[in-house]
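Subject: Handing over the structure

Hi,

Here is the structure I promised to pass on to you. Have a look at it first, and then read on for what turned up in it.

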Amino acid sequence: GPISAVDYLAKLKQIGLPKKHNPNSMAITVYYKTVGVAAYGISNPVGARLYYCSNQRVQVTDEKTTNELYGPQDATQICMPWCRDNTPTQTLLGTLTRGVILQEEDGDVYATRLCQCAVFFGDKRGVLTKLERGQRVKIFDFKTRFLPLYFQHLQSQNKSGSQGGGVSKVILDPFPDPDVMLSFGQRWDDRRPIENTLIWAKVIHMKSRQLTLDFTQLFPPPPPIVNEDCIQFSESDPYDRLADAFSLAL
């Protein structure tokens with residue numbers, strides 16, 4: 001039958017994973033198209049607010065109203081930088097003043113969209129979900145998505161090793177991503193990769209990233225197979241033989 005998340009964690013602890021402790025629960029990198037413009041490590045248990053630094057913030061004295069407008073005041077405040085050269089990007093940033101709240105809870109990552117700008121989240125394969133405004137949504141599932149898939153691949157590798165290096169016949173789902181992507185105001189897909197969107201961010205779940213690094217160290221991928229039929233070279237000429245003679249003499 002299915003193994004619980006507690007059993008997964010116990011088994012991972014038995015084999016010494018993860019090997020390193022990272023004080024940050026998340027890392028966030030912001031991109032304008034292909035250019036990384038900011039990177040942050042998040043260790044704050046309250047979470048982080050990703051927003052644009054507008055000078056138009058309304059000053060309110062009521063804490064409840066402030067939290068409703070901008071999220072928890074104790075959250076780490078991550079300001080997206082001004083974009084000097086791109087008017088569409090700057091226009092989009094103007095709709096991000098209230099921002100998005102990112103929080104880790106019990107290993108999973110949640111997002112709450114406060115801003116006017118539409119926000120989409122998904123993986124590298126382009127399976128997208130739109131964040132509805134004001135709703136707290138799980139965007140990274142560590143316990144019931146990442147960890148079971150991770151352990152499935154771990155079991156497959158262990159079985160393969162116990163069979164003398166033979167290839168397992170079990171067809172597995174793709175190895176789980178330790179990252180989740182956020183795009184602002186634009187969707188991405190196979191025809192338009194996320195790097196072509198004006199503003200996007202990568203949210204890295206640090207525990208999952210470390211487990212992924214440990215996995216690749218324990219089970220490095222095989223070297224790529226080179227098709228010798230594709231290798232081309234000319235027959236040696238007298239100058240090649242002369243060069244070989246000089247190299248032997250050195």
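A residue is called buried here when its relative accessible area is under 20%, exposed when that value is over 50%, and partly exposed in between. Asp-108, with a relative accessibility of 1%, therefore counts as buried. Please keep in mind throughout that this is a predicted model.

**The protein as a whole**

The protein has 250 residues, and buried ones make up 37% of them. Its chain forms six helices and eleven strands. If you take the contacts between residues at least 6 apart in sequence, 66% of them join residues at least 24 apart. The accessible surface comes to about 15,500 Å², and carbon and sulfur atoms account for 53% of that area.

Which residues is Asp-108 in contact with, leaving aside its neighbours within four places in sequence? They are Gln-103, Lys-138, Phe-140, Asp-141, Phe-142 and Lys-143.

With Lys-138, the side chain of Asp-108 meets at 3.3 Å, N to O. This pair links distant parts of the chain, since Lys-138 belongs to strand S9 (residues 136-140) and Asp-108 to strand S6 (residues 108-113), 30 residues apart. The side chains of Asp-108 and Lys-138 are also joined by a polar contact of 3.3 Å. While Asp-108 is buried, Lys-138 is partly exposed, at a relative accessible area of 34%.

With Lys-143, Asp-108 forms a salt bridge of 2.4 Å, N to O. Asp-108 is in strand S6 and Lys-143 in helix H4, so this bridge ties together parts that lie 35 residues apart in sequence. Lys-143 counts as partly exposed because its relative accessibility is 25%.

Lys-138 has another partner too: its side chain meets that of Asp-141 in a salt bridge of 3.9 Å, N to O. Put together, Asp-106, Asp-108, Lys-138, Asp-141 and Lys-143 are linked in a network of salt bridges. The structure holds eight salt bridges.

**Aromatic rings**

Next come the ring pairs. A pair of aromatic rings is described by the distance of the centres and the angle of the planes. How many aromatic pairs are there? The count comes to seven. One of them is formed by Phe-146 and Tyr-150, which are stacked, with 5.8 Å from centre to centre and 20° between the planes. Phe-146 and Tyr-150 are about one helical turn from each other because they are four residues apart in helix H4 (residues 142-162). Are these two residues buried or exposed? Both Phe-146 and Tyr-150 are buried.

Another pair, Phe-175 with Phe-215, is tilted: the centres are 4.9 Å apart and the planes make an angle of 50°. Phe-175 is in the loop between H4 and strand S10 (179-184), whereas Phe-215 is in helix H5 (residues 206-218), so the pair ties together parts 40 residues apart in sequence. Phe-175 counts as partly exposed, at 23% relative accessibility, and Phe-215 is buried, at 7% relative accessible area.

**Charges over rings**

Two arginines are worth a look as well. The charged end of Arg-49 sits over the ring of Tyr-51, 3.7 Å from the ring centre. Arg-136 lies over the face of Tyr-110, and here the distance to the ring centre is 4.2 Å.

**An exposed loop residue**

Finally, turn to Val-127, in the loop between strand S7 (119-122) and strand S8 (128-130). Val-127 has a relative accessible area of 55% and is therefore exposed. What does Val-127 touch, not counting residues up to four places away in sequence? The residues are Phe-121 and Gly-122. The C-alpha atom of Val-127 is separated by 9.0 Å from that of Trp-188, and along the chain the two are 61 residues apart.

Enjoy exploring it!

Best wishes

Notes. Residues numbered from 1 in each chain as written. Predicted model: local features only at pLDDT ≥ 70, side-chain atom pairs only at ≥ 80, totals over all residues. Heavy atoms only, no water. Phe/Tyr/Trp six-rings, centres within 6.5 Å; stacked < 30°, edge-to-face > 60°. Helix = DSSP H or I, 4+ residues; strand = E, 2+ residues; numbered from the N terminus. Buried < 20%, exposed > 50% of the residue type's maximum accessible area, 1.4 Å probe, protein only. Lys NZ or Arg CZ within 6 Å of the ring centre and 35° of its normal. Salt bridge = Lys/Arg side-chain N within 4 Å of Asp/Glu carboxyl O. Contact = heavy atoms within 4.5 Å. Areas by Shrake-Rupley, 256 points an atom, 1.4 Å probe, with all protein chains shown as cover. Polar contact = N/O pair within 3.5 Å; in protein donor to acceptor, adjacent residues only side chain to side chain.
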